[in-house]
Amino acid sequence: MRWTQTLIPTLREAPADAEILSHKLLLRAGLLRKLAGGVYTFLPLGLRSLRKVEQIVREEMDRAGAVEVLMPALQPPDIWQQSGRYESARDVLFKVRDSANREWLLGPTHEEVITLLAAAEINSYRQLPKNFYQIQVKFRDEIRPRFGLMRAREFIMKDAYSFDVSDEAAQVSYQKMYDAYTRIFARCGLKTLPVEADTGVIGGKFSHEFMVPAETGENEVVYCDTGNYAANLEKATSQGPITPTPAVSAGAAPERFPTPGVVTIEALASAPYNVAAHQQIKTLIHVVEGKLVIALLRGDDQLNEAKFAGRLGTATFRAATAEEILEATGAHPGSLGAVTSTRTKPEIKVFADEVLRGARGMTTGANEDGFHLRHVDMERDIRVDEWADLRTVRAGELCVSTGQPLKIRRAIEVGHVFKLGTKYSEKLGALFLDEAGARKPAVMGCYGIGVTRTLQAVIEQCNDKDGILWPMSVAPYQVCITPLNVAADNPGMKLAETLYAELTARGVEVILDDRDERPGVKFKDADLVGFPLRVSIGEKSLAKGEVEIKPRGGGVTPVKIEDALPRVLGLVQESEAR
């Protein structure tokens with residue numbers, strides 16, 4: 001391809017609304033252009049790299065035994081109502097109406113569609129296992145699209161769905177996908193960290209996310225340096241807080257004491273009260289399906305909403321309003337507690353974090369504005385309906401698996417694998433006859449890769465001060481030939497044309513920068529776009545019988561003209577073999 005024949009609108013400065021480096025580089029390198037918030041047009045170079053990522057995904061999915069299909073993006077809402085996700089996923093669903101005023105959904109994912117396909121076409125154990133995948137545009141109604149392709153309203157995803165006869169067989173399918181993902185991201189030049197993850201609104205028994213470590217990532221990963229444990233912050237566990245929870249009784253019964261104006265953990269921890277946060281019980285009230293529930297944590301802990309949702313069995317819950325709290329307890333937020341003797345509505349279910357089990361000598365709200373209770377014994381004074389791990393892990397706590405201190409870092413999620421079980425197959429009728437003739441639901445798994453997000457994650461991880469550092473496998477072009485004089489009769493341009501033809505004939509992807517621009521402009525653009533190899537041809541080097549070869553991010557090497565072709569071929573092959 002010749003530079004003047006394509007469209008590469010590079011920018012010296014990034015648009016003001018580009019927030020992170022990879023987003024800025026996507027725009028500055030002329031790979032994307034924004035149409036609206038969270039909606040982008042791929043320009044020629046961006047599309048070439050995107051197609052390469054897709055091809056890597058397709059090759060590895062085929063290698064793992066998955067079968068490609070293409071499902072409709074437009075979905076009827078009744079199948080989402082049948083699965084139970086119409087309400088739980090309502091915040092991300094794009095809804096449209098046709099000329100008859102019937103509602104349709106723009107698919108954010110395809111569990112319902114593929115399960116109905118399996119229900120119609122698979123009826124015997126002899127047809128299993130099966131794994132179907134597609135690479136397709138998805139739609140999610142992001143309230144705040146940001147960071148370019150990282151959180152977009154329209155994006156490309158690879159989603160796959162496996163169907164098996166048993167949990168054991170499903171685990172085999174799961175592992176095949178896990179291994180395929182490891183190969184996919186390695187081939188894209190990404191360093192990823194597989195972590196234990198929450199299953200979210202998709203549901204299922206367990207899952208792993210593939211994370212790209214990056215300070216601009218929206219996820220937080222908990223890990224230890226031994227490499228034996230890594231989990232999303234929503235899923236992570238530890239041996240507990242560094243500071244032990246009090247377990248020595250300090251009184252025969254809860255004692256009420258005045259705390260006028262004290263409505264925060266911090267205020268109670270300050271003089272004159274001096275009740276340390278870890279000695280307090282935090283009382284949170286939420287509304288779940290129209291009913292109030294209480295969550296109790298240690299005062300210095302934060303509620304992990306994903307863990308709480310898993311315990312509740314629904315992601316649809318919210319914090320109670322001050323008015324709802326006052327009606328239920330007789331007090332305002334900041335004076336709440338769950339001591340049985342102070343509760344006006346004992347029917348409200350109480351969840352308590354495991355860290356509080358056995359806690360004594362604690363302080364909590366008295367359900368009376370301006371008063372708290374001290375000397376509270378969890379087992380004696382509070383009726384707990386359900387104990388659970390509800391807290392968010394903090395850095396420095398000890399790993400359950402290794403006993404080593406945990407660390408937390410930010411990361412970008414690029415892939416997610418789930419073991420779904422029979423949630424969808426039971427609801428949508430994906431049943432098969434086993435060897436004994438009994439009808440059973442297929443055991444499912446689902447596996448997603450954000451293809452467009454993966455492309456941006458490569459840029460977020462592979463860059464320097466001058467621009468993108470594309471891995472050879474996903475670069476829009478592998479080699480950029482840059483003649484400094486582009487006159488048709490110039491020896492340098494003639495040599496450039498010869499090299500271009502010979503490399504192209506050997507399967508190397510080459511772009512010839514035939515623009516009549518200053519050398520500095522050409523070199524800056526080549527570095528900004530990030531072509532892995534640049535071959536420069538100028539008057540001075542020609543006079544020595546040489547060209548200059550520069551790997552992106554490396555130094556310039558003079559090479560004899562007759563050695564240029566084999567040298568470039570060797571560098572391309574060497575890079576592809578890594």
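The following legends describe close-up views of a predicted model.

In this predicted model, local features require pLDDT of at least 70 and side-chain atom pairs count only at pLDDT 80 or more, while totals for chains, interfaces and linings use all residues. Residues are numbered from 1 along each chain as its sequence is written, and side-chain values use heavy atoms, with hydrogens and water left out.

**View 1. The largest nonpolar core has 59 residues.** A nonpolar core is a set of buried Ala, Val, Leu, Ile, Met, Phe, Trp, Tyr and Cys residues joined through side-chain atoms within 4.5 Å; buried means under 20% relative accessible area with a 1.4 Å probe, protein chains only. Those with the most contacts inside this core are Leu31, Met61, Tyr181, Phe185, Trp470 and Phe531. The core lies between domain 1 (21-237 + 408-459) and domain 3 (477-577), because both give residues to it. The domain bounds come from an automatic or database domain assignment.

**View 2. Phe185 and residues that it touches.** Leaving aside residues up to four places away in sequence, Phe185 touches Leu190, Thr192, Phe210, Val414, Gly415, Ile449 and Thr454. Contact means heavy atoms within 4.5 Å.

**View 3. An open sheet of three strands in the order S13-S19-S18.** The pairing is antiparallel. Strands are DSSP runs (E, at least two residues), numbered from the N terminus, and two of them pair if DSSP finds at least two bridges between them. Strand S13 (255-258) and S18 are the edge strands, each pairing on one side only. Four bridges join S13 to S19, and Phe257 stands opposite His372 in S19.

**View 4. The hairpin of S18 and S19.** Strand S18 (residues 362-365) and strand S19 (residues 371-376) pair in the antiparallel sense over three bridges. Met362 stands opposite Val376 in S19. Five residues lie between the two strands, and Asn367 in the turn has a positive phi of about 55°.

Definitions and conventions:
Buried < 20%, exposed > 50% of the residue type's maximum accessible area, 1.4 Å probe, protein only.
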